[in-house]
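This briefing goes through one protein chain, topic by topic. Please keep the sequence and the structure in view while reading.

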Amino acid sequence: MENKTDFGRYIRALACFIVLVALDLLTKTRAAETLPERPIVLIKGVFELRYLENRGAAFGLLQNQRTFFLILTSIFILVMIWVFTRIPAEKKYLPLRILTVVVSAGAFGNFYDRLTLTYVRDFLYFSLINFPIFNVADIYVTCSAFAFFILIVFYYKEEDLSFFRL
């Protein structure tokens, strides 16, 4: 029975991954179709939709290092798959399983852009603080990483995470 449960858990994770990646790619495609000619101000002086083709990482770092990002992201996604398979099926570990799927979907969304377009499509801009333009995949990665940190530091105890030991 355990194998059926594991199989169902993997299928649900894969389905969620696909939905999250599809949502990211759909928003990027829509932004690329509608925003290049004219940004859309949603809250004047605070938030707008503004299209940008980013050939680097966050804050424009490491411009034109596509191969580096493709390799790094491939390794990251493989590690996340390994992590997901190691997380126990117990209910208390559900947040870790969910976050693993979400962070992987974010990484893959930007990976897909770099692989197929050679750049990442960004379009969300907080003009109030002049924050770098970002996208939905970036939100997945950032929020998941933050939540991972909070869970690991404040919720799980060292013995709860013993399944990560090789």
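**Salt bridges, helices and overall layout**

Arg-9 and Asp-6 form a salt bridge through their side chains, with 2.9 Å from N to O. The model is a predicted one, and a search of the whole structure finds eight salt bridges in it.

**Pairs within helix 1**

- Arg-9 and Asp-6 are three residues apart in helix 1 (residues 2-34), and therefore about one helical turn separates them.
- Both residues of this pair, Arg-9 and Asp-6, are buried.
- A salt bridge also joins the side chains of Asp-24 and Lys-28, at 2.9 Å from N to O.
- Asp-24 and Lys-28 are four residues apart in helix 1, which again places about one helical turn between them.
- In an α-helix there are 3.6 residues a turn, so residues three or four places apart point the same way.
- Asp-24 counts as buried because its relative accessibility is 0%.
- Lys-28 has a relative accessible area of 0% and is therefore buried.

- The side chains of Lys-92 and Asp-160 meet in a salt bridge with an N to O distance of 2.7 Å.
- Lys-92 is in the loop between helix 2 and helix 3 (94-117), while Asp-160 is in the segment after helix 4, so this pair ties together parts that are 68 residues apart in sequence.
- Lys-92 is partly exposed, with a relative accessible area of 33%, whereas Asp-160 is buried, at 13%.
- Elsewhere, salt bridges with shared partners connect Asp-24, Lys-28, Asp-113 and Arg-121 in one network.

**Helix 2**

- Helix 2 (residues 66-86) consists of 21 residues, and its first and last C-alpha atoms are 30 Å apart, close to the 30 Å expected at 1.5 Å a residue.
- Phe-69, Leu-70, Thr-73, Ile-77, Met-80, Val-83 and Phe-84 are the buried residues of helix 2.
- These buried residues fall within an arc of 150° when seen down the axis of helix 2, so they line one face of the helix.
- Thr-67 and Leu-78 are exposed on the other side of helix 2.

**Helix 4**

- The 20 residues of helix 4 (residues 136-155) should span 28 Å at 1.5 Å a residue, and the 27 Å between its end C-alpha atoms agrees with this.
- Buried residues in helix 4 are Val-136, Ala-137, Tyr-140, Ser-144, Phe-148 and Leu-151.
- They cover an arc of only 105° around the axis, so they lie on the same side of helix 4.
- The face turned away from the buried side of helix 4 carries Thr-142, Phe-146 and Phe-154, which are exposed.
- At the start of helix 4, a side-chain oxygen of Asn-135 comes to within 2.9 Å of the backbone nitrogen of Ala-137.

**The chain as a whole**

- The protein chain has four helices and three strands, and from the N terminus on its elements run α-β-β-α-α-β-α.
- Along the principal axes, the C-alpha atoms fill a box of roughly 55 × 30 × 25 Å.
- Of the 166 residues in the protein chain, 39% count as buried.
- Among contacts with a separation of 6 or more in the protein chain, 68% are between residues 24 or more positions apart.
- The protein chain exposes about 10,300 Å², and carbon and sulfur atoms supply 69% of this area.

Notes:
Residues are numbered from 1 along each chain as its sequence is written. This is a predicted model: local features need pLDDT of at least 70, side-chain atom pairs count only at pLDDT 80 or more; totals for chains, interfaces and linings use all residues. Side-chain values use heavy atoms; hydrogens and water are left out. Helices (H or I, at least four residues) and strands (E, at least two) are DSSP runs, numbered from the N terminus. The expected span of a helix is 1.5 Å times one less than its number of residues. Buried means under 20% relative accessible area, exposed over 50%, partly exposed in between (1.4 Å probe, protein chains only). The arc is that of the directions from the helix axis to the C-beta atoms. A polar contact is a pair of N or O atoms within 3.5 Å; within protein, one must be able to donate a hydrogen and the other to accept it, and residues adjacent in sequence count only if both atoms are side-chain atoms. Contact means heavy atoms within 4.5 Å. Accessible areas come from the Shrake-Rupley method with a 1.4 Å probe; for residues, only the protein chains shown count as cover. A salt bridge is a side-chain nitrogen of Lys or Arg within 4 Å of a carboxyl oxygen of Asp or Glu.
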